[in-house]
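User: Hello! I'm new to this one and would like to walk through it with you. Could you show it first?

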Amino acid sequence: MKRLFFTILFITLNVVMFGQAKKPTIMVVPSDNWCIKNNYVQQFDNQGAVMTLPDYRAALQNDSDLLLAISKINEMMAERGFPLKNLESCLKTLMNQSAEDAMLTSKSGAEVAESPIDQLKKVAKADIWMQLTYTTNQIGPKKSLTFNLQGLDAYTDKQIAGASGTGSPTTATELAILLEEAVVMHIDSFNAQLQSHFDDIFANGREIVVRIKVWDDADYDLEEEFDGDELGLIIEDWMADNTVNGRFNTTDATENMMLFEQVRIPLEMEDDGRVRQVDARRWVGLLRKYLKDEYEIESKLMMQGLGQAQLVIGGK
């Protein structure tokens with residue numbers, strides 16, 4: 001009887017722990033390759049350099065097959081317990097925010113260069129972007145579908161999961177049936193890769209890149225001493241104290257710049273008694289506040305995407 005009690009308790013605890021496991025939020029988007037092949041692209045002026053980026057809004061508005069494909073992937077992922085962000089809804093939110101920003105910004109005011117994709121990532125706040133590429137194949141009277149799924153970390157743009165394949169030829173013509181036929185054998189393995197990556201993030205922190213620079217008119221550089229320590233070493237010590245398990249790499253360091261890569265920051269933090277979600281901007285903002293409070297050092301925080309932060313020392 002005692003053994004039976006502990007067996008039931010063990011099973012119950014495992015069910016509860018599994019049920020409470022934190023899963024990554026995911027958003028399905030068409031791949032760059034698919035958008036370019038189907039001519040759904042837009043030009044973006046990045047400080048004089050013209051970049052070609054996918055135009056998700058045009059693709060969703062003009063390609064009903066894409067809408068159907070994304071909806072089917074969303075359905076299959078939801079059945080497996082993975083929360084999903086809806087691309088179309090995120091685009092509408094972004095459009096509304098852009099309209100509000102335009103009303104608040106002077107026409108003559110300078111703006112920070114930020115790509116439409118970076119803007120969308122901030123609105124979506126998904127942990128992982130699931131890029132979808134697909135083509136239909138005609139084999140006599142039968143059809144099949146070839147697909148490629150890439151799971152990309154939204155902060156680092158690193159591929160952390162992948163799946164590809166071709167479904168069996170069938171007389172069915174509906175895209176949803178062809179897609180499910182091709183994907184169903186691979187999606188559980190794909191989801192396991194996603195969950196494994198997110199488990200690592202949850203245990204060891206999210207990975208970001210931090211750059212430290214010095215304004216050319218600043219009165220000091222990173223070799224200037226404050227309370228007997230060089231500023232660069234003060235920053236490095238702060239990184240060691242505030243990263244998850246002290247995990248980061250000092251890739252480069254001179255008197256005018258420092259580059260920190262594979263910086264692991266927590267997903268959550270307590271602030272004023274409340275637990276808050278942490279992103280690169282909030283975390284590096286703590287470093288900016290520390291330098292100002294402890295050493296009266298002014299600095300300006302600038303972001304590039306979700307996972308790259310730059311702190312420029314010597315003023316705002």
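User: In which helix do Lys289 and Asp293 both lie?
Analyst: A word on the ground rules: residues are numbered from 1 along each chain as its sequence is written, and this is a predicted model, where local features need pLDDT of at least 70, side-chain atom pairs count only at pLDDT 80 or more, and totals for chains, interfaces and linings use all residues. Side-chain values use heavy atoms, with hydrogens and water left out. Helices (H or I, at least four residues) and strands (E, at least two) are DSSP runs, numbered from the N terminus. Lys289 and Asp293 are 4 residues apart, about one turn of the helix, and both belong to residues 280-295, helix α10.

User: How far apart are the closest N and O atoms of Lys289 and Asp293?
Analyst: A salt bridge is a side-chain nitrogen of Lys or Arg within 4 Å of a carboxyl oxygen of Asp or Glu. Buried means under 20% relative accessible area, exposed over 50%, and partly exposed in between (1.4 Å probe, protein chains only). Lys289 is partly exposed because its relative accessible area is 48%, and Asp293 is partly exposed with 48% as well. These two form a salt bridge, with the closest N and O atoms apart by 2.8 Å.

User: How many salt bridges does the structure hold?
Analyst: Besides the pair in α10, Lys72, Glu75 and Glu180 are linked in a network of salt bridges. The count for the structure is 10.

User: Which residue forms a salt bridge with Asp157?
Analyst: The closest N and O atoms of this pair are 2.6 Å apart. The pair links distant parts of the chain, 36 residues apart: Asp157 is in the loop between β6 and β7, and its partner is in helix α6 (residues 116-124).

User: Is Arg264 buried or exposed?
Analyst: Arg264 and Asp200 meet through their side chains in a salt bridge (3.1 Å, N to O). Arg264 lies in strand β12 (residues 257-265) and Asp200 in helix α8, so the pair ties together parts 64 residues apart in sequence. Asp200 is partly exposed because its relative accessibility is 28%. Arg264, at 11% relative accessibility, counts as buried.

User: How far apart are the end C-alpha atoms of helix α8?
Analyst: The buried residues of α8 include Phe190, Leu194, Phe198 and Ile201. The expected span of a helix is 1.5 Å times one less than its number of residues. Helix α8 (residues 187-204) has 18 residues, so it should span 26 Å, which agrees with its end C-alpha atoms being apart by 26 Å.

User: How many bridges join β5 and β6?
Analyst: On one side, β5 (residues 128-139) runs parallel to β1 (residues 26-30) over 5 bridges. With β6 (residues 142-153), β5 pairs in the antiparallel sense, and Met130 has Gly151 as its bridge partner in β6. The number of bridges between β5 and β6 is 12.

User: Which residue takes a positive phi in the hairpin of β2 and β3?
Analyst: Strands β2 (residues 41-46) and β3 (residues 49-54) run antiparallel and are joined by 6 bridges. Asn46 stands opposite Ala49 in β3. The hairpin has 2 residues between the strands, and the residue with a phi near 55° is Gln47.

User: Which side chain of opposite charge is nearest to Asp55?
Analyst: Asp55 lies in the loop between β3 and α3 (56-62), and is buried yet has no salt bridge. For charge, Lys and Arg count as positive and Asp and Glu as negative, while His and the chain ends are not counted. The nearest side chain of opposite charge, 5.4 Å away, is Arg57.

User: Which residues have the most contacts inside the largest nonpolar core?
Analyst: A nonpolar core is a set of buried Ala, Val, Leu, Ile, Met, Phe, Trp, Tyr and Cys residues joined through side-chain atoms within 4.5 Å. The largest one has 81 residues. Those with the most contacts inside this core are Trp129, Ile212 and Trp283.

How values were computed
Two strands pair if DSSP finds at least two bridges between them.
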